Amino acid sequence: MASSDKVPVACPASSGEVKGPMGDPTKTTTAILDKGTAMMQSMKPIRQMSLHACSFACYSHDPSRQIEVHIYGHRVNQDFLQCAVYDSSSSKAHLIGIEYIVSEKLFESLSPEEQKLWHSHDYEIQMALLVTPRVPELVAKPELKNLAKSYGKFWCTWQIDRGDRLPLGVPSLMVSPQDVNLGRIKPELVKKRDEEHGISTEELKPSREGICGPEKKNLVADYWVRFRKGVALDVVETDMKKTAPFP
């Protein structure tokens, strides 16, 4: 299997000629059963999601590949959020990855090797690239201030921008927008996002003045900016453990 920076072997699922996931339309009977079970089941983990943020992300191995992302977060505690990442906010959105967000305090407790996998959020918030749809800036400001001091680790499991019709290959590490050439988000992506949500990134920027990043920006985070090295995963075959400890 190819690494996360390689195009997968040609197959129907990797064809970008046809849009949308593979599979037959959902049957009416299946849809009715789904609605019935949804009424009976608690869905507690999903219902804990209380944050929706829209931003952009770049592939670690190729920052010129940039995508719009919609992040739905569940606050585990004051220092930790766990998030599902979608490609849009519509009812037909595709789940394309997961992101974990930690406070500056938790990030500083990680090893340098682990910190290389994490990115900062201050630049994208200060530049109004990260927005909270339908939430007024005045209401969102306290949360934005907290997020600006945080760090995230985002694994993309479905490279939908490549035309993949199913999640193919291994996950890709994603990085946040940064104020360097490859890290600046393409204007056409921002324009498309703004038009879809009825907002103006440029008009939001003044309201972000005074939002600061981490007290002491960690130089290992956003590793690619300083060292010009990205991350790609490879699948390596290994012998299975044939014995296991007794439970």
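The questions below concern a predicted model.

Q: Why is Met 43 called partly exposed?
A: Its relative accessibility is 31%. Buried means under 20%, and exposed means over 50%. The value of 31% falls in between, so Met 43 counts as partly exposed. Met 43 is found in the loop between helix H1 (28-40) and helix H2 (44-47).

Q: What makes Met 43, Ile 46 and Met 49 a nonpolar patch on the surface?
A: A patch takes residues with over 30% relative accessible area and no salt bridge, and joins nonpolar side chains within 5 Å. Met 43, at 31%, passes the area cut-off. Together with Ile 46 and Met 49, Met 43 forms a patch with about 250 Å² of accessible area.

Q: How do you know that the buried residues of H7 line one face of the helix?
A: Helix H7 spans residues 187-197, and Val 190, Arg 193 and Asp 194 are buried there. Seen down the helix axis, these buried residues fall within an arc of 100 degrees, so they line one face. Glu 188 and Glu 195 are exposed, on the face turned away from the buried side.

Q: What do the buried residues of H7 pack against?
A: They pack against strand S1 (49-59), strand S2 (62-77) and helix H8 (201-204). Contact here requires heavy atoms within 4.5 Å. After H7 comes Gly 198, with a positive phi near 65 degrees.

Q: What makes S1 and strand S7 (residues 172-175) a pair?
A: Two bridges join them. The requirement is at least two, so S1 and S7 meet it. They run antiparallel, and Tyr 59 stands opposite Met 174 in S7.

Q: Why do S2 and strand S3 (residues 80-86) count as paired?
A: Seven bridges join S2 to S3, against a requirement of at least two, so they pair. The strands run antiparallel. Asn 77 stands opposite Phe 80 in S3. S2 and S3 form a hairpin, with two residues between them.

Key:
Residues are numbered from 1 along each chain as its sequence is written. This is a predicted model: local features need pLDDT of at least 70, side-chain atom pairs count only at pLDDT 80 or more; totals for chains, interfaces and linings use all residues. Side-chain values use heavy atoms; hydrogens and water are left out. Buried means under 20% relative accessible area, exposed over 50%, partly exposed in between (1.4 Å probe, protein chains only). Helices (H or I, at least four residues) and strands (E, at least two) are DSSP runs, numbered from the N terminus. The arc is that of the directions from the helix axis to the C-beta atoms. Patches are made of residues with over 30% relative accessible area and no salt bridge: like charges are joined within 9 Å, nonpolar side chains (Val, Leu, Ile, Met, Phe, Trp, Tyr) within 5 Å. Accessible areas come from the Shrake-Rupley method with a 1.4 Å probe; for residues, only the protein chains shown count as cover. A salt bridge is a side-chain nitrogen of Lys or Arg within 4 Å of a carboxyl oxygen of Asp or Glu.
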